[in-house]
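Biologist: I'm new to this one. Can you walk me through it?

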Amino acid sequence: MGKYKNKNKKQKALIMIVIILALLLVGSRTCRLNRRNLNSDLHNFSSEITHQTNQDSLITQNEETMSEIPQPDKNILLGKLSKSQKDSLLASIDSKYANRDGMYMHYKAYNAFLKMHNAAEKDGIELIIVSAFRDFDHQKRIWNNKWTGRQVLSGNIFATDISDPVKRALEILKFSAMPGTSRHHWGTDIDINSLNNNYFASGRGMREYEWLVEHAHKFGFCQPYTRKNEDRQSGYEEEKWHWSYKPISSGYLKHFQKLVSYEDIAGFEGHEIASQLGVIEKYVLTVNQQCLNQ
Ligand SMILES: [Zn+2]
């Protein structure tokens, strides 16, 4: 009986040991699996952080740029820069990035453009500047040439065929700004590759435009004149070629609203109807929301 009891005890102990060993084995496997999951979670987490940090540094860079920019005086906003203002703010655009010599743009916008140009080049996209900084007198030549019929308007219309000055101005305003109200005065805005929306409707032009829509914002650029919709009901027609360096231009726009009045919009053909047409509210301030500093 005693022997049987002992044998029974031994058996029980053996079963217990087997159970404990089995539990230990399962336990260590679960641990390993958990560790593997944890490792992959950590990997995802750290790559998320790296991505976030890259984005943060881009944003910080833009914020820094904003804080470094001195408040522009009214002459800068109106394209009436002094020589020293031109010297300190504008950079000469290397002819390999432009379709002609002698163009200038804000040096910070130029730095950002060079980065964008290089990134585009790697994707097989060529970005060439066809217009950049224009001062008041340059814009005045464009405007007066259109007003007096020396230069034809888009759609092969001559402004001189329109006798009513309001209608004449509205026709020119489809694609050209009144002197003093052009974003090209600021040096922050450039026209890229073509001045014709049709060019961007197919083939190479379409690929270039699609690249800009997808990537330009990463370099600080936005398209101020998008297709008119609920967000932008008035103002210039869509311009797929016109891109603006937002870290500076969004601040300039705010200052324009504060500092410039209709008395400042003067000195060219038809200037007296600027306020009647509301060019400040309906044209200068009516841009794609993505170009505003929110
Ligand atoms: Zn433009």
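What follows is a short chat about this predicted model.

Biologist: Start simple. How many helices and strands are in the chain?
Modeller: The chain has ten helices and six strands. Keep in mind that the model is predicted.

Biologist: And what share of the residues is buried?
Modeller: Of the 294 residues in the chain, 28% are buried.

Biologist: What about contacts along the chain?
Modeller: Take contacts between residues at least 6 apart in sequence. Of these, 75% join residues at least 24 apart.

Biologist: Now the core. Which residues have the most contacts inside the largest nonpolar core?
Modeller: Met105 and Phe221 do. That core has 53 residues.

Biologist: Which helix gives the largest share of this core?
Modeller: Helix 4, residues 107-122, with five residues.

Biologist: Back to Met105. What is Met105 in contact with, leaving aside neighbours within four places in sequence?
Modeller: Leu90, Ala91, Ile93, Tyr110, Ala132, Phe133, Gly187 and Ile190.

Biologist: How many bridges join strand 4 to strand 6?
Modeller: Three, and the two strands run antiparallel. Strand 4 covers residues 189-192. Asp189 has Ser244 of strand 6 as its bridge partner.

Biologist: And how many bridges pair strand 3 with strand 4?
Modeller: Two, again in the antiparallel sense. There, Ile129 has Ile192 in strand 4 as its bridge partner.

Biologist: Change of topic. Which residues of helix 7 are buried?
Modeller: Glu208, Tyr209 and Leu212.

Biologist: Why do they line one face of helix 7?
Modeller: Seen down the helix axis, they fall within an arc of 95 degrees, so they line one face.

Biologist: What do those buried residues of helix 7 pack against?
Modeller: Strand 6, residues 242-245.

Biologist: Which residues are exposed on the other side of helix 7?
Modeller: Gly203, Glu210, Val213 and Glu214.

Biologist: Now helix 5. How many residues has helix 5, and what does it reach from first C-alpha to last?
Modeller: Helix 5 has twelve residues, 136-147, and reaches 16 Å. That is close to the 16 Å expected.

Biologist: Which residues of helix 5 are buried?
Modeller: Gln139, Trp143, Lys146 and Trp147. They cover an arc of only 100 degrees around the axis, which puts them on the same side of helix 5. They pack against helix 6 (165-172).

Biologist: What comes just after helix 5?
Modeller: Gly149, with a positive phi of about 80 degrees.

Biologist: What about phi in residues other than glycine?
Modeller: Most residues other than glycine have a negative phi. Asn156 has a positive phi of about 55 degrees. Asn193 has a positive phi too, of about 70 degrees.

Biologist: Where are Asn156 and Asn193?
Modeller: Asn156 is in the loop between helix 5 and helix 6. Asn193 is in the loop between strand 4 and helix 7.

Biologist: Is Asn156 buried or exposed? And Asn193, buried or exposed?
Modeller: Asn156 has 6 C-beta neighbours inside 10 Å, so Asn156 counts as exposed. Asn193 has 21 C-beta neighbours inside 10 Å, so Asn193 counts as buried.

Methods
Residues numbered from 1 in each chain as written. Predicted model: local features only at pLDDT ≥ 70, side-chain atom pairs only at ≥ 80, totals over all residues. Helix = DSSP H or I, 4+ residues; strand = E, 2+ residues; numbered from the N terminus. Expected span 1.5 Å × (residues − 1). Buried ≥ 20, exposed ≤ 12 C-beta atoms within 10 Å, placed from the backbone. Arc of directions from axis to C-beta. Contact = placed C-beta atoms within 7 Å. Core = buried A, V, L, I, M, F, W, Y, C linked by C-beta atoms within 7 Å. Pairing = 2+ DSSP bridges.
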